[in-house]
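Dear colleague,

Please find below the structure that I am handing over to you. My findings follow directly after it.

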Amino acid sequence: MLKMIGALIVVFAGTVTGMQLGGFYARRPRELKSLTAALLLLKTEISYAATPLPEALTEVARRADPAVSPFFNAAAFHLKNFQGTTAARAWSEALAETGHTLALREEDAEVLRALGTALGNSCREEQAQHISLAIERIKAAATSAEADAVRYERLYKFLGFGTGAALAILLY
């Protein structure tokens with residue numbers, strides 16, 4: 001009886017682990033699309049509304065998807081509350097604080113880092129161009145992420161269950 005319960009726990013743990021790994025692949029395309037929409041809002045705030053960057057970031061955080069809004073909120077917080085902080089530094093700090101909560105790969109984070117270096121360092125038109133470039137790169141990553149989600153989400157879920165079942169059989 002105890003062996004059976006132990007085997008079920010091992011299978012359950014493997015399944016949960018596989019679902020978590022597969023969940024990363026399912027979340028990434030959604031979050032990249034949300035990030036694209038948020039960057040479009042930021043571009044609009046900067047180029048058309050001529051909103052100062054701290055207020056633009058706050059507005060984007062308010063209107064963006066809850067998955068990506070903490071990132072913009074943290075950037076606005078750093079920019080507003082730490083005297084002498086550059087936009088690039090605030091952006092980088094926000095990415096360091098909230099990047100782990102997002103389903104981003106290193107190349108996605110690198111796109112955001114590159115964008116952060118351009119924010120606040122140039123005129124509105126150039127900032128809008130940098131945002132547009134980042135949006136295009138993130139859209140390409142989202143397309144790739146959708147293909148990965150289709151391919152790997154089920155694979156990791158099955159592997160998690162299969163590994164748990166194999167361990168249970170070996171231990172039983």
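I begin with Ala 50, which lies in the loop between α1 and α2. Please bear in mind throughout that this is a predicted model. The phi angle of Ala 50 is near 55°, a positive value in a residue other than glycine. With a relative accessibility of 40%, Ala 50 counts as partly exposed, because that class runs between the 20% limit for buried and the 50% limit for exposed.

Leaving aside neighbours within four places in sequence, Glu 45 is in contact with Ala 50, Thr 51, Ala 56, Glu 59 and Arg 63. Glu 45 itself lies in helix α1. Its relative accessibility is 13%, so Glu 45 counts as buried, the cut-off being under 20%.

Is Arg 28 buried or exposed? At 3% relative accessibility, Arg 28 counts as buried. Not counting residues up to four places away in sequence, Arg 28 touches Ala 103, Arg 105, Glu 107, Asp 108, Ala 141, Ala 145 and Asp 148.

Next, the helix packing. Two packed helices are described by the angle between their axes and the distance between the axes. For α1 and helix α6 (residues 124-171), the angle is about 175° and the axes are 7 Å apart. α1 is therefore roughly antiparallel to α6, since angles over 145 degrees fall into that class. By class, the contact of α1 with α6 has 30 nonpolar, ten polar and nine charged residues.

Helix α2 (residues 53-63) and α3 pack at an angle of about 155°, and their axes are 8 Å apart. That angle makes α2 roughly antiparallel to α3. The crossing of these two helices, α2 and α3, is left-handed. On the α2 side, the residues that meet α3 are Leu 53, Pro 54, Glu 55, Leu 57, Thr 58, Val 60 and Ala 61. On the α3 side, their counterparts are Ser 69, Phe 72, Asn 73, Ala 75, Ala 76, Leu 79 and Lys 80. By class, the contact of α2 with α3 has nine nonpolar, three polar and two charged residues.

Asn 73 is found in helix α3 and is partly exposed, with a relative accessible area of 44%. The C-alpha atoms of Asn 73 and Arg 124 are separated by 21 Å, and the two residues are 51 residues apart along the chain.

How many aromatic pairs does a search of the whole structure find? The search finds seven aromatic pairs. One of them joins Phe 24 and Tyr 25 edge-to-face, at 5.5 Å centre to centre and with 85° between the planes. Within this pair, Phe 24 is partly exposed, with a relative accessible area of 25%, whereas Tyr 25 is buried, with a relative accessible area of 15%. The pair of Phe 72 and Trp 91 is also edge-to-face, at 5.8 Å centre to centre and with 75° between the planes. Phe 72 lies in helix α3 (residues 69-81) and Trp 91 in helix α4 (residues 87-98), so the pair ties together parts that are 19 residues apart in sequence. Both Phe 72 and Trp 91 are buried.

Lastly, I draw your attention to Gly 120, which is found in the loop between α5 (106-118) and α6. Gly 120 is partly exposed, with a relative accessible area of 49%. Gly 120 and Pro 52 are 68 residues apart in sequence and 9.3 Å apart in space, C-alpha to C-alpha. Not counting residues up to four places away in sequence, Gly 120 touches Leu 53, Ala 87 and Gln 127. Of these, Leu 53 was listed above among the α2 residues that meet α3.

Yours sincerely

Terms used
Residues numbered from 1 in each chain as written. Predicted model: local features only at pLDDT ≥ 70, side-chain atom pairs only at ≥ 80, totals over all residues. Heavy atoms only, no water. Phe/Tyr/Trp six-rings, centres within 6.5 Å; stacked < 30°, edge-to-face > 60°. Buried < 20%, exposed > 50% of the residue type's maximum accessible area, 1.4 Å probe, protein only. Helix = DSSP H or I, 4+ residues; strand = E, 2+ residues; numbered from the N terminus. Axes fitted to C-alpha atoms, helices over the stretch in contact; angles between N-to-C directions. Parallel < 35°, antiparallel > 145°, perpendicular 65-115°, else oblique. Left-handed = near helix turned anticlockwise from the far one by under 90°. Contact = heavy atoms within 4.5 Å. Nonpolar A, V, L, I, M, F, W, Y, C, P; charged D, E, K, R; others polar.
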